[in-house]
Every structure is written in C-alpha cells, then in structure tokens.
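Dear colleague,

Please find below the structure that I am handing over to you, together with its sequence. My findings follow it.

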Amino acid sequence: MHRLRALPDRLKAVMLMCGAVTLFSCLDATAKWLVSHSSIATAEIVWMRFIGQCVLMAIILGPSTLPTLLHTNKLGLQLIRSVMMVATTTFNFMAVQHLRLDQTVSIAFMAPLVVAALAGPILGEYVGWRRMLAVVVGFIGILIVVRPGVSDVHPAFLYSILSMLAYASFMLLTRKLSTFDPPLVTLFYALLIGTIAGTPFALANWVWPETWQQWLMLLSLGAFGGLGHYLLIFAYRLAPASSVSPFLYFQLLSMVGLGFLVFGDVPDHWTILGSAVVIASGLYLVHRERVAHRQSKVSG
C-alpha cells in the first residue's frame, strides 16, 4: 500500500483506468455467461446490475448521504442521461448473447468518435477537419468489423450499434452535466432511474437462479459496475483526461482475454484489423485534443 501511495499521480491514474475497464470487461463477460448459460431474462440481469450498484453505493457513502445526491440543477438532462445508460446496458447485454466480446467492444470504441462528431451541434464544441477525418476513418474500422454485404451479418450487430449510439449520447450528456452537477449526483441518478425503470420488467420476467454460481454472478454485476465507475472517477481526479483516456483501449485486451478464457473465443483477423483502425482513430483524436489544449493555453 505504501508503494502505491509513493507512485506518481499519473501512473496511479493509468493503473486505476486499466483496473476500471477490466472490471467493465468482467461485467460484460458475466452478463454474456448468464444470458447464454441460464434461463435468466436480460431484463432481470440489467436490473440486478443497477440495483446491485445502488446498494454498493449506499454502503460506501452511507445511506444518510443518498438524499443529498438527489439535488440536481438539471433534472431533465439527468433523466434523459439515465435512460441512455439503461438503453446502452440493455442493448449491450442483448448483443453479447450472440456476439464475441471483442466484437462488441470494438463497436463500443466508436462512441468517442461519434461524440467528437456531434459535440459541435450539441455542445458547441466544433472540431477541425483532421478530427472529422479521424471520425470517418473510425467508421470505416467498424465496417471492417461488421463487413456488411461481405458475410452474413448477425442481427445482434444492430443491438451493439444501438448500444454504442446510446453510449455516445450518454457521454455527451455527461459532459454537458459536468458543469452543473457533481459526478456522484450524476452517477446516482443513472443508478436510481435504472433501478426504478427496470423493476416492472425484471419482476414480469423473473426467473429464480438455479445454482449458487448463478446467484454469485447476478450479485457480482453491481460490484463490477460500481467498483469500475469509482476507479474511473478517481483516475480522472488524479490526472488530466488526455493522459488517461488512451488507456480506455486496454479494455480490448481484457475483453479478448476473458472471451478466450471463459468462452474459448478467438478474434478473427477482420475484428483485429477493424479494432486497430478504430483505436488508431481514437488515439489521434486524443492527440488533437492535446494540441488544441496547448494552443488555447498559448493564445490565452
């Protein structure tokens, strides 16, 4: 523990980021196992993910703190963002039932590129032609992964694309809300709305887990999501986003590893090539953000 405290903040932030995305990979792998190897409905799995994280948040912060997290300056935006989080989780869990983990995460990596493309008309943060070109190249990477018209495209790819678009909207609203509400308020609203909205669907499709392994996996969903988000928050507190954001792509390695260890999945060469194109586009966007930030400092 003493050695960890002695590390530079940026190195700590990188380690926390890698830990966070690995936990998110564990969340997806657990959901994939449950939807593929049990009779438990997707609605129940999504609900357990949100209520589990809500309980974990209450334990960490203390129940008396939670009412203070209901105070928001932008209730409408918080509700829309929460719906987007429910949508991206639901569509993603539907997609992993049929697709490999490396395929779903490759498509998810397109979300930051969509954010860059939409940040201008929605947030007033317009990007230059170089970053728009990176967005186009990233889209080509997704086409390489999916290969429409070249091979039989599984309908689950549509779920993964819808999940990515919902996640991009979620990220845009997160950036918008960051100037109005603290991060914990924004996180709590998403969990609360996800729990409330998912309750009737979960109860209507409820199936009792048949084994202790299924119980353990259902209960672990909230832990993986909750701990992952906390590590993410602390990573961004310790270092600038431009320093840690590139390590979001570490999730591809953890997804491939879990896909192989748990399901015996090996990514094909098209997925590897498409993922490389998407990641390269994302890293170039991060580079351009750094350049723009330095130029703004000089001009300021």
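Predicted model: local features only at pLDDT ≥ 70, side-chain atom pairs only at ≥ 80, totals over all residues.

Along the sequence, 171 residues separate Gln53 from Phe224, yet their C-alpha atoms are 8.3 Å apart in space.

Helix H3, which spans 42-61, also takes part in the second largest pocket. At least two lining residues come from each of helix H3, helix H4 (75-96) and helix H9 (183-204). The space in this pocket amounts to about 180 Å³. Its lining consists of Thr42, Ala43, Val46, Trp47, Val86, Ala87, Thr90, Gly194, Ala197, Gly198 and Phe201. Sorted by class, seven of these residues are nonpolar and four are polar, while none is charged.

A further residue to look at is Asp181, located in the loop that runs between helix H8 (156-177) and helix H9. Asp181 is buried but forms no salt bridge. Which side chain of opposite charge is nearest to Asp181? It is that of Lys74, at a distance of 9.1 Å. A salt bridge requires the charged atoms to be within 4 Å.

With kind regards

Definitions and conventions
Residues numbered from 1 in each chain as written. Heavy atoms only, no water. 1 Å grid on protein atoms, 1.4 Å probe; cavity = no way out; pocket = protein on both sides within 12 Å on 5 of 7 lines; lining within 4 Å. Points joined across faces, edges and corners; volume = space filled by probe spheres on them. Helix = DSSP H or I, 4+ residues; strand = E, 2+ residues; numbered from the N terminus. Nonpolar A, V, L, I, M, F, W, Y, C, P; charged D, E, K, R; others polar. Buried < 20%, exposed > 50% of the residue type's maximum accessible area, 1.4 Å probe, protein only. Lys, Arg positive; Asp, Glu negative; His and termini not counted.
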